Amino acid sequence: MRIAGALLIVCMCYYIGCSLSNAEQKAFLQLSGLIRLVDFMLQRITYSRDSLGNVFADFSDPALEQCGFLSTLNNPMGEPYNVLWNKAVGLLAVSESIKKELNIFGAQLGKTDFVTQKERAEMCRNILVARKNELEPGLEKRRKSIRALGGLIGAMIAIILL
């Protein structure tokens, strides 16, 4: 019975480590999706001068759809896009520093002239790309370490309790 309990503890701690590891991956995929969205916005507002409603309706990204980001942006119900953007940013699993940058970008979304909107989008894109480049090299190693650490902590708890 004690061995079964110890195995259960190890498995649960490993599961927690896997969950945290998956959250890291989810945040990275959402960051990549945001970069693609800003690129798409830049392309559409630069060349075809589409409205934000059309831009958001035409864009698709699995990570942003899964968390509800895109569905929030595509459900205006009379709200301005800067308000919708801030609501959508709250649904993301990215870090608080990235959310802060996205909120700064979204504060004037749809309210400024074309040139200012384009400059803000380019600035936001550069910040997001820099953050992605910081995270990408060690992402898989960090995920493996989190999973291993979860299992190790579980084993230590089990040994202490036995």
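## Basis of the description

Because the model is predicted, local features need pLDDT of at least 70 and side-chain atom pairs count only at pLDDT 80 or more, while totals for chains, interfaces and linings use all residues. Residues are numbered from 1 along each chain as its sequence is written, and side-chain values use heavy atoms, with hydrogens and water left out.

## Helices α1 and α7

Helix α1 covers residues 2–48 and helix α7 covers residues 114–135, helices being DSSP runs of H or I with at least four residues, numbered from the N terminus. The two pack at an angle of about 155°, with their axes 9 Å apart, where axes are lines fitted to C-alpha atoms over the stretch in contact and angles run from 0 to 180 degrees between N-to-C directions. That angle makes α1 roughly antiparallel to α7, a term used for angles over 145 degrees.

On the α1 side the contact (heavy atoms within 4.5 Å) includes Phe28, Leu31, Leu34 and Ile35, and on the α7 side Phe114, Ala121, Leu128 and Val129 are among the residues that take part. The residues of this contact divide into twelve nonpolar, three polar and six charged; here Ala, Val, Leu, Ile, Met, Phe, Trp, Tyr, Cys and Pro count as nonpolar, Asp, Glu, Lys and Arg as charged, and the others, Gly among them, as polar.

## Helix α8

Helix α8 (residues 139–161) has 23 residues and reaches 33 Å from its first C-alpha to its last, close to the 33 Å expected at 1.5 Å a residue, the expected span being 1.5 Å times one less than the number of residues. Its buried residues (under 20% relative accessible area, with a 1.4 Å probe and protein chains only) include Arg143, Gly150, Gly154 and Ala158, and the buried residues of α8 pack against α1 and α7.

Ile153 and Ile9 are 144 residues apart in sequence, yet their C-alpha atoms are 9.3 Å apart in space; for Ile160 and Ala6 the separations are 154 residues in sequence and 9.7 Å from C-alpha to C-alpha.

## Helices α5 and α6

Helix α5 (residues 81–89) and helix α6 (residues 96–107) pack at an angle of about 170°, with their axes 8 Å apart, which makes α5 roughly antiparallel to α6. Asn82, Trp85, Asn86 and Val89 of α5 meet residues of α6 that include Leu102, Asn103 and Phe105, and by class this contact has five nonpolar, four polar and one charged residues.

Technical notes
Parallel < 35°, antiparallel > 145°, perpendicular 65-115°, else oblique. Buried < 20%, exposed > 50% of the residue type's maximum accessible area, 1.4 Å probe, protein only.
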